[in-house]
Amino acid sequence: MIPYGRQDINASDIDAVVRTLKSDFLTQGPIVPLFEESVVNYCGAQYGVAVNSATSALHIACLALGIGRGDIVWTSPITFVASANCAIYCGAEVDFVDIDLATGNLSAAKLAEKLSEASKTGKLPKAVIPVHLSGRCCDMAEIFSLSKSYGFKIIEDASHAIGGRYQDAFIGGCNYSDITVFSFHPVKIITTAEGGMCLTKDKALYNSLKLLRSHGITRDVEEMMSSTNDSPWYYEQITLGYNYRMTDLQAALGVSQIKRLSHFVERRNEIAAIYDEFLEKLPLNIPSRSSDVYSSYHLYSIQLHLDRLSKTRLQIFNLLRQREIGVNVHYIPVHTQPYFSRMGHLPQDFPNAIDYYSKTISLPIFPGLKGDQQKYIIDAIYEVLD
Ligand SMILES: *Cc1c(COP(=O)(O)O)cnc(C)c1O
C-alpha cells in the first residue's frame with residue numbers, strides 16, 4: 001500500500017539519535033534547547049518550547065493564555081480532535097466556526113458573523129484556534145483584525161504547516177497570533193517520532209509555557225517566591241504543571257530533520273503541482289491556491305463533484321484502496337463526534353464542514369513518493385472516475 005503520508009529517515013537522522021543514546025543525556029540535556037533554537041531560527045520566531053506532542057503544546061498554550069472554567073474557545077470543525085480537546089482539558093467550553101468550502105479552513109467571514117452574534121449574547125470566545133488545514137495558512141490578517149475588535153487570543157494550530165509561508169513570512173513567526181503550535185508526529189512535515197512545539201513572541205507566555213511543560217517547577221531565582229533560595233539543590237513549584245517534556249533523543253532527530261525541511265516542503269510542492277496539472281480536468285476540485293500562501297502540503301485533499309460522478313465517495317475510496325493506494329479522509333467533522341454531539345452540537349450547525357467532509361479524499365503525498373508511484377495513482381484516479 002502506498003500510504004497517504006510517510007516519514008523520511010536517512011542515515012544522518014539515525015546517526016544523530018545513536019550519538020545522543022551514547023551521550024550523557026537521554027533527556028533534559030543540551031539537544032532540546034538546540035532543537036528549539038533551530039525551529040525558532042527557521043521560522044523567524046522569538047521563543048520555542050518543545051514538548052512531547054502537539055496535543056500537549058495545545059494544552060499548555062491554552063493554560064498559558066489563562067483559559068479555564070467559564071471560558072469559551074472556538075476552533076474549526078474540520079481538524080483533528082486535539083484542536084478542540086485542549087480547551088476542554090482546561091475546563092473551558094468548545095464551539096466551532098464553519099469553514100470556507102474552497103480551502104477547508106475556518107472561515108474569517110463566518111467568524112465575523114458569529115462574533116457579532118456572540119457579542120449580543122455575551123458568549124464571546126476567550127481564544128480562537130485556527131487550523132492551517134493541509135499546511136495552507138488561514139486568513140490570519142482578517143482573523144487577527146477581528147481579535148483586536150473582539151478581544152480574543154489566537155493559537156494557530158500549525159500542526160500541518162511548518163515550512164509553509166503566509167505573506168512571505170514563515171508560519172511560526174506569530175505575526176498574527178499569540179502562540180503557534182507545530183506537530184512532529186511521523187506523518188507531519190518533519191518528525192521527532194512524537195513531539196510538538198509552542199512558538200511565541202511574548203516573553204511572559206514563554207516563561208509560562210516552560211513552567212507548564214515541567215511540573216510548574218522553576219530554578220530561576222527571579223521567579224521564586226522564597227528568599228532562602230541560595231541552596232544549590234533548591235527549586236520551587238510555583239504553579240501546577242505537567243511532564244510534557246521532549247527527550248534529547250527526539251530532539252536529536254528533530255535537529256537532523258529540520259536540515260531537510262526546505263527540501264521536504266519543496267518536494268511536497270512539486271508533487272502537488274503534478275497532481276494539480278493532471279487532476280484539474282477531472283470532475284473534482286484540486287486544493288485552492290492563493291498568492292499570499294505557500295502551503296507545506298502536509299495533505300493533498302481533493303473535493304469530488306459527486307453530482308457529476310456515477311460512483312459514491314465510498315466506492316471511489318474503496319476502488320483506490322483495492323489498487324493499494326492508501327487514500328484517507330481528513331477529517332470527520334469534530335462536532336459530529338459522539339463526545340461533542342453530547343455537548344449539543346448538531347451536524348447541520350456547520351453545513352460547510354459536513355459538505356466538505358462528504359466529498360473529500362486525501363491522496364498520498366510525502367517526500368519519498370516516487371514519480372512512477374504518482375503516475376500510478378493519477379492513472380488509477382482517471383480509471384476509477386471514468
Ligand atoms: C496531528 C495533529 C494534532 C496533534 O498532533 P500530535 O503531535 O499527534 O499530538 C493536532 N492538530 C492537528 C490539526 C493535527 O493534524
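**Close-up 1. Where helix 5 meets helix 6.** On the helix 5 side, A108, L111, A112, L115, S116 and S119 touch E142, I143, L146 and Y150 of helix 6; contact here means heavy atoms within 4.5 Å. Sort the residues of this contact by class and you get seven nonpolar, two polar and one charged. For the classes, Ala, Val, Leu, Ile, Met, Phe, Trp, Tyr, Cys and Pro count as nonpolar, Asp, Glu, Lys and Arg as charged, and the others, Gly among them, as polar. This is a predicted model, where local features need pLDDT of at least 70, side-chain atom pairs count only at pLDDT 80 or more, and totals for chains, interfaces and linings use all residues. Residues are numbered from 1 along each chain as its sequence is written, and side-chain values use heavy atoms, with hydrogens and water left out.

**Close-up 2. How the two helices line up.** Helix 5 (residues 108-121) packs against helix 6 (residues 140-150) at about 10 degrees, and their axes sit 10 Å apart. That is why helix 5 counts as roughly parallel to helix 6, a label for angles under 35 degrees. The axes are lines fitted to C-alpha atoms over the stretch in contact, with angles running from 0 to 180 degrees between N-to-C directions. Helices are DSSP runs (H or I, at least four residues), as are strands (E, at least two), numbered from the N terminus.

Close-up 3. An N or O atom in the T55 side chain is 2.5 Å from a ligand oxygen, and for the H160 side chain the distance to a ligand oxygen is 2.7 Å. Y331 also has a polar side-chain atom 3.2 Å from an oxygen of the ligand. Taken alone, the ligand exposes 380 Å², and the protein buries 92% of that (Shrake-Rupley method, 1.4 Å probe).

Close-up 4. Most residues other than glycine have a negative phi, and most peptide bonds are trans. H330 and Y331, though, are joined by a cis peptide bond, with omega about -5 degrees. Y331 belongs to the loop between helix 10 (313-322) and helix 11 (338-341). A193 is not a glycine, yet its phi is positive, about 70 degrees; look for A193 in the loop between strand 8 (179-183) and strand 9 (196-200).

How values were computed. A polar contact is a pair of N or O atoms within 3.5 Å; within protein, one must be able to donate a hydrogen and the other to accept it, and residues adjacent in sequence count only if both atoms are side-chain atoms. Angles under 35 degrees count as roughly parallel, over 145 as roughly antiparallel, 65 to 115 as roughly perpendicular and the rest as oblique.
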